[in-house]
Amino acid sequence: MCSVMLGIFLTAKMFIYSAPSSFATLIHGSEEPKKVENSVDPYFNSLSFADEIIPLGDSRITSKMKKSLNAHSHKKLQTSRLHTQASKWFPIIEPILAKYGIPEDFKYMPLVESGLKAGISPKGAAGFWQFMPQTARDFGLRVNGDIDDRNNIQKSTVAAAKYIKSLYKEFNSWTLAAAAYNVGEGRLKRQINRQNQDNYFKMDLNRETASYVYKLISMKEIIENPTRYGYSGRVNRLLAKSGNRQQPGFPYPVAKGKPLGNSAMLIN
């Protein structure tokens, strides 16, 4: 009798171990949960500012980037004026930035700041690069009752290049340099110290500064890859420089460059 029971037990064990996984799960309980890797939209692999890539796989950052890109689409802006201004002034801005060692992506800053047109803000910032009076004077511009160099594209771009270079020296990051340009280096340094964080994307900043770099990246995208965002093919041929960014299909080139901040490293 014992030998019969032992035979039945061994047969049952062999059956369980050879059973399909679904049946074995019923017998032994739930399987170990499978690890699911975060997938990243290939398009976001191509997004960067001054060769500093945006962190990938963070749904919050991706959502903010998508909203900013959508806000700069032709559907929302209903104008190609920014492309017209870029085609007019970029040939002047680009060589000046290059002379001072400033990444070319900073040419999109005056498009975000002023739409590349002279004017004055309610706070007193003026010109293409929206300099405050004292900052303009600190970097060699004349601002008085008779003349305002902030409205001179060449002189103001030289001053902006010098200012941006000083900000990069202070923060060792082009992304943080852009943020400091928006909010001021003193205020940004206080936030870095208070939060013990120099990753722009992970910092808790005021709404304008927290969206500023996103705006710069979005401006870069609509100028370099306009047809993806509903702008006409004519502006695409005029301004897009890289042939592999002409079409809205995949694959997009992967941005090359160092990660941002102390782990990975934006703004209005």
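Buried means under 20% relative accessible area, exposed over 50%, and partly exposed in between (1.4 Å probe, protein chains only). I was working on a predicted model, where local features need pLDDT of at least 70, side-chain atom pairs count only at pLDDT 80 or more, and totals for chains, interfaces and linings use all residues. Residues are numbered from 1 along each chain as its sequence is written, and side-chain values use heavy atoms, with hydrogens and water left out.

**Aromatic pairs**

I searched the whole structure and got 11 aromatic pairs. In one of them, Tyr168 and Trp174 are stacked, 3.9 Å centre to centre with 15° between the planes. My criterion: rings of Phe, Tyr and Trp (its six-membered ring) pair if their centres lie within 6.5 Å; planes under 30 degrees apart count as stacked, over 60 as edge-to-face and the rest as tilted.

Tyr168 is partly exposed at 22% relative accessible area. Trp174 is buried at 12%.

Next I took Phe201 with Tyr214. The pair is edge-to-face: 5.6 Å centre to centre, 85° between the planes. Phe201 sits in the loop between α10 (185-195) and α11 (207-210), and Tyr214 in helix α12 (residues 212-224), so the pair ties together parts 13 residues apart in sequence. Tyr214 is buried too, with a relative accessible area of 2%.

I also noted one aromatic cluster formed by Phe49, Phe106, Tyr168 and Trp174.

**Helices α9 and α10**

I looked at how α9 (residues 174-183) meets α10. Their axes come within 7 Å and cross at roughly 120°. Axes are lines fitted to C-alpha atoms, for helices over the stretch in contact, and angles run from 0 to 180 degrees between N-to-C directions. The two helices are therefore oblique to each other. Angles under 35 degrees count as roughly parallel, over 145 as roughly antiparallel, 65 to 115 as roughly perpendicular and the rest as oblique.

I listed the contact residues, with contact meaning heavy atoms within 4.5 Å. From α9 come Leu176, Ala179, Ala180 and Val183; from α10 come Glu185, Arg187, Leu188 and Ile192. By class I count 6 nonpolar, no polar and 2 charged residues. Here Ala, Val, Leu, Ile, Met, Phe, Trp, Tyr, Cys and Pro are nonpolar, Asp, Glu, Lys and Arg charged, and the others, Gly among them, polar.

**Whole chain**

I recorded 13 helices and 2 strands for the protein chain. Helices (H or I, at least four residues) and strands (E, at least two) are DSSP runs, numbered from the N terminus. Buried residues make up 44% of the 268 residues.
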